[in-house]
Amino acid sequence: MPDDKTPAQSLATRLPHSGRSSGRTRAFVNPPLHRGSTMLHVDTADRLHDGSRMYQQSDTYGVYGNATHHALENLVAEIEGGTRCQITSSGLSAATTAMLAYLRAGDHCLVPDSVYGSTRDFIDDLLNNFGVVTQYYDPALDAAGLAPLFRPNTTVLYLESPGSHTFEVQDVPALAALAHEHGAKVLLDNTWGIRDFQPFQHGVDVSIQALTKYPVGHSDVLLGAVIVNDDADWTRLRKAALALGQYASPDDCWLCLRGLRTLDTRLQQHFSSAIEIAAWLQDRPEVKQVLFPALPGAPGHALWKRDFTGACSLFGVVFQPEWTAPDLNAFIDALELFGIGSSWGGFESLAIPTYGTITRTVSSGDFGGLIIRIHIGLEDPTDLIADLRQGFATLHHHRRST
Ligand SMILES: *Cc1c(COP(=O)(O)O)cnc(C)c1O
């Protein structure tokens with residue numbers, strides 16, 4: 001029998017249409033921006049219902065979110081393939097809220113050594129003061145290597161794939177299966193994999209997103225999200241988020257909704273430029289290795305190919321060991337189109353040194369040379385390559401003159 005159901009539309013098609021009125025109604029294309037703390041009630045009976053509404057998308061009190069938040073929650077949940085989403089004030093607070101929802105005193109938590117630096121600071125400076133025992137593990141470990149690290153009280157396996165700055169790709173399905181055998185929850189920082197890695201199809205229980213990056217896309221808003229895929233996880237997460245007072249400005253949510261309309265198109269351009277530039281860099285004699293899982297031959301490429309449908313434009317460049325930190329500083333300083341700054345996912349290219357700034361305690365983080373991190377923006381890749389070429393000229397000139 002022919003199926004006359006509308007076939008599932010691709011994300012590129014859904015992004016411009018979801019979370020707004022797109023039927024035949026007289027309305028502006030974009031939803032209104034709602035602001036507010038106090039929500040007025042119909043009567044006292046209505047007011048007395050408030051307590052039961054904290055898990056629903058119901059206008060009750062500002063901190064519970066309003067229609068602007070709900071539109072963003074739904075769109076982010078859709079992109080990630082989950083059921084519900086909690087918006088938080090930053091990507092970091094998405095990570096900390098998720099951890100606080102699932103960890104209590106006496107618990108043991110496994111965290112990759114390549115975890116985002118500020119998440120690491122939260123663990124070392126705060127979480128460990130509350131009786132949680134955190135153990136860092138080498139992000140290169142496979143399931144057989146990680147298995148002996150589980151303890152009877154291991155309740156959370158934290159993943160970040162690829163890892164911050166060193167881009168190790170984890171075998172998420174195998175590691176998630178292992179964690180579930182031990183009764184642990186699987187939390188994944190999926191910021192790099194937005195659009196291209198479907199966490200819940202790979203065994204993840206809780207996905208963390210720094211919306212600050214590609215979703216916002218314009219380097220002007222900080223925002224985070226935690227996404228889950230079942231009711232029990234939603235209850236747990238929502239309770240923790242409200243207890244912590246997690247809230248984001250509706251103005252920022254509205255700007256993120258605007259950014260998401262073009263997420264797919266921007267990522268296509270980011271990726272096609274990044275893969276071209278990464279391949280060009282890989283052929284440079286000054287470069288030992290490019291840490292971009294989407295690049296054939298790069299570390300993690302096989303897992304990336306198996307589990308991801310695409311990639312973004314953030315990668316590491318390992319220089320040959322002969323190049324020193326002052327040489328590479330001169331290289332970065334010479335670039336005219338690459339800003340020197342934290343964060344990524346905006347329309348502009350960035351380059352930063354990672355030497356001297358990243359912490360590794362159980363893995364070496366050593367790829368045989370100093371590493372710089374590059375974010376490829378929306379500029380013409382030909383111009384970016386020309387800029388990098390003159391950067392390399394400066395690099396050689398710098399060495400000759402010192
Ligand atoms: C940037 C980033 C974060 C934190 O996001 P902010 O919005 O800057 O707090 C978390 N995780 C990863 C992997 C990131 O790159």
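Ala, Val, Leu, Ile, Met, Phe, Trp, Tyr, Cys and Pro count here as nonpolar, Asp, Glu, Lys and Arg as charged, and the others, Gly among them, as polar. The model is predicted, so local features need pLDDT of at least 70 and side-chain atom pairs count only at pLDDT 80 or more, while totals for chains, interfaces and linings use all residues. Residues are numbered from 1 along each chain as its sequence is written, and side-chain values use heavy atoms, with hydrogens and water left out.

**Ligand site**
- Among the 13 residues around the ligand (a heavy atom within 4 Å), Gly91, Leu92, Asp189, Thr212 and Lys213 come nearest.
- The shell around the ligand has 5 nonpolar, 5 polar and 3 charged residues.
- Polar contacts are pairs of N or O atoms within 3.5 Å.
- A polar side-chain atom of Lys213 is 2.7 Å from a ligand oxygen atom, and a polar side-chain atom of Trp344 is 3.3 Å from a ligand oxygen atom.
- A polar backbone atom of Leu92 lies 2.9 Å from an oxygen atom of the ligand.

**Cavities**
- A cavity is a set of points, on a 1 Å grid over the protein atoms alone, where a 1.4 Å probe fits but cannot get out; lining residues have an atom within 4 Å of a point.
- There are 2 cavities of 30 Å³ or more, a volume being the space filled by probe spheres set on the points.
- The largest cavity, of about 60 Å³, has His69, Glu73 and Arg238 among its lining residues.
- The second largest cavity, of about 30 Å³, is lined by Asn30, Pro31, Trp254, Leu257, Arg258 and Arg261, which divide into 3 nonpolar, 1 polar and 2 charged.

Terms used: Polar contact = N/O pair within 3.5 Å; in protein donor to acceptor, adjacent residues only side chain to side chain. 1 Å grid on protein atoms, 1.4 Å probe; cavity = no way out; pocket = protein on both sides within 12 Å on 5 of 7 lines; lining within 4 Å.
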